[in-house]
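Work through the exercises below with the sequence and the model open. Try each task before reading its solution.

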Amino acid sequence: HDFEAFIRPRLEQAHRILKDDGSLYFHIDYREAHYCKIMLDEIFGRENFLNEIIWAYDFGGRPRNRWPAKHDNIYYYAKTAGQHKFNLEDIDRIPYMAPGLVGPEKAAKGKLPTDTWWHTIVGTNSKEKTGYPTQKPIGILERIICASSDEDDLVLDFFAGSGTTGQVCLNLRRRFILCDSNPQAIEMMKKRFSNYDEIEWIE
């Protein structure tokens, strides 16, 4: 299976270099998700599987012969479950659906998100849009990076695409390494980060 041959070595290296309190978030669409879950269990250990996050959105076409597919999967693994970093207080809160039932103090604070995240994809007319086809929204990556890293921690994105992970790391004062084998992605990232002299490029 070509996809497995492509992805497995990268996941093995991710596991090798991850710090003991580190985490892996693996984003994949529903067509490959279950094959990848088995692979991740083999590499990281089933005991280090923490969540299957469902990223749900409502965008794009609707086939007439089945339920429209409007979610992606994000698998969340720790290097060592129980030692992993999870910054509960730094996670963005979401509104209560019935704020009147929880009292004004709780309603003002909001509640923690669950493992189902409603977040629109990056729309064609969005100010975030770079033109890269699989661009991730800043809000999704901010939630992940806030929860699982601290300021000055190092974040690695093996499939960096348009570089949104790097943008979020700059905003949140994290260090980062971005990798991609697609020349279009590299050009897009060079353009996106052209104003940052401290970024080093290795080709």
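**Exercise 1. Cysteines**

How many disulfides does the structure hold? Then check Cys169 and Cys179.

Solution. The model is a predicted one.

Step 1. The count of disulfides is 0.

Step 2. Take Cys169. The nearest cysteine sulfur belongs to Cys146 and is 10 Å away. A disulfide needs two cysteine sulfur atoms within 2.5 Å. Cys169 is therefore in no disulfide.

Step 3. Take Cys179. Its nearest cysteine sulfur is that of Cys169, 13 Å away. Cys179 is in no disulfide either.

Step 4. Cys169 has a relative accessible area of 0% and is buried. Cys179, at 28%, is partly exposed.

**Exercise 2. The second largest pocket**

Which residues lie nearest the centre of the second largest pocket, and which element gives the most to its lining?

Solution. 

Step 1. Start with the volume. The second largest pocket holds about 480 Å³ of space.

Step 2. Find the lining. It comprises 17 residues. Nearest the centre are Phe176, Ile177, Leu178, Ile199 and Glu200.

Step 3. Assign elements. Strand β6 (175-178) and helix α6 (183-192) each supply at least two lining residues. β6 gives the most, with 4 residues.

Step 4. Sort by class. The lining has 11 nonpolar and 6 charged residues, and no polar ones.

**Exercise 3. Salt bridges**

How many salt bridges does the structure hold? Examine the pairs of Arg8, Arg31 and Arg46, and state the exposure of Glu4 and of both partners in the other two pairs.

Solution. 

Step 1. The count is 12 salt bridges. Side chains of opposite charge can pair when their charged atoms come close.

Step 2. Arg8 pairs with Glu4 at 2.9 Å, N to O. Both sit in helix α1 (residues 2-17). They are 4 residues apart, about one turn of the helix. Glu4 is partly exposed, with 31% relative accessible area.

Step 3. Arg31 meets Asp29 at 2.6 Å, N to O. Arg31 is exposed at 54%. Asp29 is partly exposed at 23%.

Step 4. Arg46 bridges to Asp41, with the closest N and O atoms 3.9 Å apart. The cut-off is 4 Å, so the pair counts as a salt bridge. Arg46 is exposed at 65%, whereas Asp41 is buried at 13%.

**Exercise 4. A network**

Which residues are linked with Lys85 in a network of salt bridges?

Solution. Lys85 is linked in the network with Asp21, Asp150 and Asp153.

Methods. Residues numbered from 1 in each chain as written. Predicted model: local features only at pLDDT ≥ 70, side-chain atom pairs only at ≥ 80, totals over all residues. Heavy atoms only, no water. Buried < 20%, exposed > 50% of the residue type's maximum accessible area, 1.4 Å probe, protein only. 1 Å grid on protein atoms, 1.4 Å probe; cavity = no way out; pocket = protein on both sides within 12 Å on 5 of 7 lines; lining within 4 Å. Points joined across faces, edges and corners; volume = space filled by probe spheres on them. Nonpolar A, V, L, I, M, F, W, Y, C, P; charged D, E, K, R; others polar. Salt bridge = Lys/Arg side-chain N within 4 Å of Asp/Glu carboxyl O.
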